[in-house]
Amino acid sequence: MSALNDRNASARASEIAILRQPVVHPDRSVYGYAIRVNVLDGVGGMFPEPEVEHLVDIEYARLDVALLAGDRPILLRATSRLLSGDLVAPDSPHGIVLEIPPALAQRDDATGLVSAARDRGLRIALANYRGTGPQDALLPLADLVKVDVSRPADDLATLVDRAHDAGGTVIAERADTRDRIHLGRQLGVDLLQGPMFQRETAPTGREFSAGELQCLELMQLLSQAHVDQAAVVRVVSSDPELAMRVLHLVNSSSYALRREIDSVHQAVVFVGPQQIAALAMASLIDARPTSVGALWAILTRALACKGISGEDAGYTVGLLSSVASQLGVAPAELVARTGVSTDVANALLHLDGPYGPVLGAVLAHEENDLDAVRSTGYEPYDVAHVYLSAVPEALATATSLSVSSRY
């Protein structure tokens, strides 16, 4: 069998992971979501993009953009057929940005193909911009330009200036640490791409308000092996705003009840522990429709941790880890305030215990770090599949909770 046939056979037996990262403004509000299809070779690496474009195209044809991007644009890595128009880009009412990787930028007909794509209503981003001749030829046609801030910083300033001079909006890709985010801002980039919440938080001491303390007390109750329903009702009832949010949520179209519920006790029973916990976290971060992206990310991590672990405690681990990052609070502070179990505390503080590898795998997936996922004992394909499955449910919940937060 020839080498090419060997590669094709391997590709057919490969695993496909769909990765999704937010592209955010400096204030962490979401601009859009970048989607990448990686074809894993089963031995720790990925196939080169040109060799597996046909598999990527198949996945693109299956994408439900609305479930992955909500009401934001989607940034889609181009393949040859997608760029040429032979494959119709997924329909998105909020726009598609076609990322042109370096290999496609080197094509002799790249300028004509990119111009034609713009005529079809697609916006253009240059991926992994390094200032090569072929990329510079496309700069006047690019709406966005992505630079990798994990690279040595020597020439990054020049690349950012060159992109800005051409009228492009610059995205700092791999902005997944405080240092890289700081570097991107120093360089004057417009947007950041990386996990919504960094592993490296800079916790600051803070006083919790009475309402925040009640939300944390709720988390303490809900994290117990046997939930004290009467105590949950007591805490919810004692906070008028939280009680109104629970009642509004249970009477929303999401539950489609035949009659309205006026009793907080009944509302708590109908909503259930997981949704009550999510609502408490939404209240804690003061979720509003403008912050759906942050709440969506929090709930996606929580649901992914639950999906991998198969246990409700996994949901609590994911929820608290992302809330700690969102609030800039040390995980130890939330552990102390919520009184979670030793297993949950060990996961949050040390990535240890039964749920530590679960959280570690989800965090590594959010950072697109395949080796780090494998180091937890999980396979990137499995984690990616569970994570992607959590996205639509998290969006539905985040939308309903952010609307409830106005009441």
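Helix α13 gives the largest share of the lining of the second largest cavity: four residues. A cavity here is a set of points, on a 1 Å grid over the protein atoms alone, where a 1.4 Å probe fits but cannot get out; lining residues have an atom within 4 Å of a point. Helices (H or I, at least four residues) and strands (E, at least two) are DSSP runs, numbered from the N terminus. This is a predicted model, in which local features need pLDDT of at least 70, side-chain atom pairs count only at pLDDT 80 or more, and totals for chains, interfaces and linings use all residues. Residues are numbered from 1 along each chain as its sequence is written, and side-chain values use heavy atoms, with hydrogens and water left out.

Stay with this second largest cavity. Its volume is about 40 Å³, where volume means the space filled by probe spheres set on the points, with grid points joined across faces, edges and corners. Its lining consists of L222, V227, Q229, V232, V268, G272, P273 and I276. Two elements, α11 (229-238) and α13 (264-284), each give two or more of these residues. By class, six are nonpolar, two polar and none charged.

Now turn to the largest cavity. The structure holds three cavities of 30 Å³ or more, and the largest has a volume of about 140 Å³. It is lined by 14 residues, and R20, P22, M196, A297 and Y387 are the closest to its centre. Strand β1 (15-24) and helix α14 (292-309) are the elements that give two or more residues to this lining. Helix α14 gives the most, with five. Here the lining has eight nonpolar, three polar and three charged residues.

Next, the cores. A nonpolar core is a set of buried Ala, Val, Leu, Ile, Met, Phe, Trp, Tyr and Cys residues joined through side-chain atoms within 4.5 Å. Buried means under 20% relative accessible area (1.4 Å probe, protein chains only). The largest core has 132 residues, and I100, V236, L299 and L319 have the most contacts inside it. Leaving out residues up to four places away in sequence, L299 touches A278, Y315, L319, A394, T397, A398 and L401. Contact means heavy atoms within 4.5 Å. Another core lies apart, with nine residues, including V23, A34, V97 and L191.

How confident is the predictor, and where? The mean pLDDT (confidence in each residue, from 0 to 100) of the chain is 87, and 91% of its residues reach 70 or more.

Notes. 1 Å grid on protein atoms, 1.4 Å probe; cavity = no way out; pocket = protein on both sides within 12 Å on 5 of 7 lines; lining within 4 Å. Nonpolar A, V, L, I, M, F, W, Y, C, P; charged D, E, K, R; others polar. pLDDT = per-residue confidence, 0-100. Buried < 20%, exposed > 50% of the residue type's maximum accessible area, 1.4 Å probe, protein only.
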